[in-house]
Each structure stands twice: as C-alpha cells, then as structure tokens.
Amino acid sequence: MNIDVKIGPDLKKVYELAKTLCEKYKVPFILGGDYNCKFGSAAIERFHENGFINVHDNATSADNINTCHSYPKFSDDLGIYESTVQEFGDYHKRAIDHIYAYNINETTKFNRFKVIDEPFALEASDHCPVMIDFDL
C-alpha cells in the first residue's frame with residue numbers, strides 16, 4: 001500500500017487494518033464517517049490510490065447533495081433545536097462525510113447512497129446521516 005506519512009498515523013492504521021482483515025477473512029471492508037475532507041484533498045486521494053472505492057460513485061442510486069449543513073439553532077419559544085434553511089449543493093464539491101469500500105468482489109452491489117435530509121435529522125447535528133443499501 002502506498003502510505004504517505006504526511007497524512008498521519010491514523011489513516012495509515014485504517015489502510016493496514018483493511019488490508020489485514022481482508023486478507024485474513026476474505027471479506028469486503030466498508031468504512032464511513034466524518035472525514036472532514038473534501039474530494040481532491042490529500043487524505044481522500046490516498047483512499048483512491050490505495051484501492052478504496054467511493055461508495056457514492058459506485059451506487060446505482062445516489063443523492064447528489066452535501067452531507068453537512070449549518071448548526072441547528074435552539075428556539076427558546078419552542079424549546080427545541082431547529083434546522084436552518086440552506087442549500088445543500090453538489091456532493092462532489094462540498095461533502096466531507098464519505099463511505100469507502102476496499103476489497104469489493106464481483107457480487108457486491110451498492111444499491112443506494114442516501115443522504116438523510118429530513119428536518120428531524122437536520123435538527124440533531126450539523127451533519128446529515130448517510131445510509132447505504134448494498135448486497136454482498
């Protein structure tokens with residue numbers, strides 16, 4: 001694996017863990033979360049260089065919206081957090097939450113990449129939950 005030490009020890013550990021688990025158990029490795037990195041960043045490019053695929057780009061159906069938004073604001077009148085109206089924009093230009101897969105075989109199919117943008121989810125965090133549906 002092509003590890004650039006400038007990226008940091010945590011990312012190197014992810015690559016090493018993926019490779020170890022896949023070799024030992026002959027299974028795919030799927031990893032997702034808040035990467036705090038946009039497409040084109042060094043960390044994201046390292047995933048591609050090391051054989052990981054972006055699930056969004058390999059799903060049969062994928063939402064093309066951003067995965068994060070402004071912080072919800074607390075309403076004293078209602079006693080709850082409320083989301084703010086905003087534009088979500090293009091996934092490839094603004095998303096910092098990603099799902100990557102490694103060691104995917106020919107039977108693995110990513111059916112759907114869904115960014116949950118319903119009000120209840122938007123009021124809980126500045127990130128949208130991301131759901132994937134797949135077959136192994």
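Three bridges tie strand 3 (59–62) to strand 7 (residues 109–115), and the two strands run parallel. Helices (H or I, at least four residues) and strands (E, at least two) are taken here as DSSP runs numbered from the N terminus, and two strands count as a pair if DSSP finds at least two bridges between them. The model is a predicted one, with local features reported only at pLDDT of at least 70 and side-chain atom pairs only at pLDDT 80 or more, while totals for chains, interfaces and linings take in all residues. Residues are numbered from 1 along each chain as its sequence is written, and side-chain values use heavy atoms, leaving out hydrogens and water.

The side chain of Lys114 meets that of Asp63 at 3.3 Å, N to O. This pair links distant parts of the chain: Asp63 sits in the loop between strand 3 and strand 4 (73–75), Lys114 lies in strand 7, and the two are 51 residues apart. Asp63 counts as buried, at 18% relative accessibility; buried means under 20% relative accessible area, exposed over 50%, and partly exposed in between (1.4 Å probe, protein chains only).

A search of the whole structure finds two salt bridges. Besides the Asp63 and Lys114 pair, there is one between Glu49 and Arg46, at 3.5 Å from N to O. These residues are three apart in helix 2 (residues 42–49), so about one helical turn separates them. Arg46 is buried at 15% relative accessibility, whereas Glu49 is partly exposed at 44%.

An open sheet of three strands was also found, with antiparallel pairing and the order 1-6-2. Its edge strands are strand 1 (29–34) and strand 2 (53–54), each pairing on one side only. Two bridges hold strand 2 to strand 6 (residues 97–102), and these strands run antiparallel. Ile53 has Ala101 of strand 6 as its bridge partner.

Two loop residues other than glycine have a positive phi. One is Lys26, with a phi of about 55°, in the loop between helix 1 (9–25) and strand 1. Lys26 is exposed, at 66% relative accessible area. The other is Asn36, whose phi is near 55°; Asn36 is placed in the loop between strand 1 and helix 2 and counts as exposed at 56%.

Zooming out, the protein chain has five helices and eight strands, in the pattern α-β-α-β-α-β-β-β-α-β-β-α-β along the sequence. Its C-alpha atoms fill a box of roughly 55 × 35 × 25 Å along the principal axes. Of the 136 residues, 35% count as buried. With contact meaning heavy atoms within 4.5 Å, 71% of the contacts between residues at least 6 apart in sequence join residues at least 24 apart.

Terms used. Salt bridge = Lys/Arg side-chain N within 4 Å of Asp/Glu carboxyl O.
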